[in-house]
Amino acid sequence: MKKLFLLLFVLGAGLTTQAQNSDNSAQDWSVSNEDYTDLYAMATEIGKRTDKVIANGNIISIVKDNGTTSFQRKRDKTVAVEFYTFILGTSNGKSIELNKGQTEKVLEKFKVVLTKVKASLDVDSTKDIDDILNTL
């Protein structure tokens, strides 16, 4: 009986620890989620002005001469709290699930590119926009 009680105690403690880790993990990712939301809004605005940027269904895509690079936010429904995974994809079929550091790097890169595209649109120079997107 003591062994059964000890086993149940250890299993219960393990589940509690796992739930706490999931909650901390979700808090760590909340900044990336907010940054993605802001980036998506910027991409939507730019997408209305050029066909080189597309924001559709939680995917931000940048169209270049040599293909498309996409950044996706996907809800992880296996976790009880609101948690997202981020995926970088290309038009040639590559799809890479990103860790926290990689997600921050991709968020920053997309933000820089979209900011440059937006500035170029404000100046109304299509060639400059194409040059920026092609060097992505």
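A55 first. Its bridge partner in β2 is I60. The elements here are DSSP runs, numbered from the N terminus: helices are H or I with at least four residues, strands are E with at least two. Two strands count as paired if DSSP finds at least two bridges between them. Strand β1, residues 53–56, and strand β2, residues 59–64, are joined by four bridges and run antiparallel. Two residues sit between the strands of this hairpin, and G57 takes a positive phi near 60°.

Before I go on, a word on the model. It is predicted, so to speak of local features we need pLDDT of at least 70, side-chain atom pairs count only at pLDDT 80 or more, and totals for chains, interfaces and linings use all residues. Residues are numbered from 1 along each chain as its sequence is written, and side-chain values use heavy atoms, with hydrogens and water left out.

Now the whole sheet. Five strands form an open sheet, in the order β1-β2-β3-β4-β5, with antiparallel pairing. At the edges are β1 and β5 (95–98), each pairing on one side only. On average, neighbouring strands are turned by 15° against each other, direction ignored. Axes are lines fitted to C-alpha atoms, for helices over the stretch in contact, and angles run from 0 to 180 degrees between N-to-C directions.

Next, β3 and β4. Seven bridges join β3, residues 67–75, to β4, residues 84–90. K74 stands opposite T85 in β4. Helix α2, residues 100–123, lies across β1, β2, β3, β4 and β5, at about 125° to β3.

The side chains of R73 and N33 make a polar contact of 2.6 Å. That term means a pair of N or O atoms within 3.5 Å; within protein, one must be able to donate a hydrogen and the other to accept it, and residues adjacent in sequence count only if both atoms are side-chain atoms.

Last, salt bridges: a side-chain nitrogen of Lys or Arg within 4 Å of a carboxyl oxygen of Asp or Glu. A search of the whole structure finds two. K118 pairs with E45, closest N and O atoms 3.7 Å apart. K118 lies in α2 and E45 in α1 (residues 2–47), so the pair ties together parts 73 residues apart in sequence. E104 pairs with K100 at 2.8 Å between the closest N and O atoms. Both lie in α2, four residues apart, about one turn of the helix.

Methods
Contact = heavy atoms within 4.5 Å.
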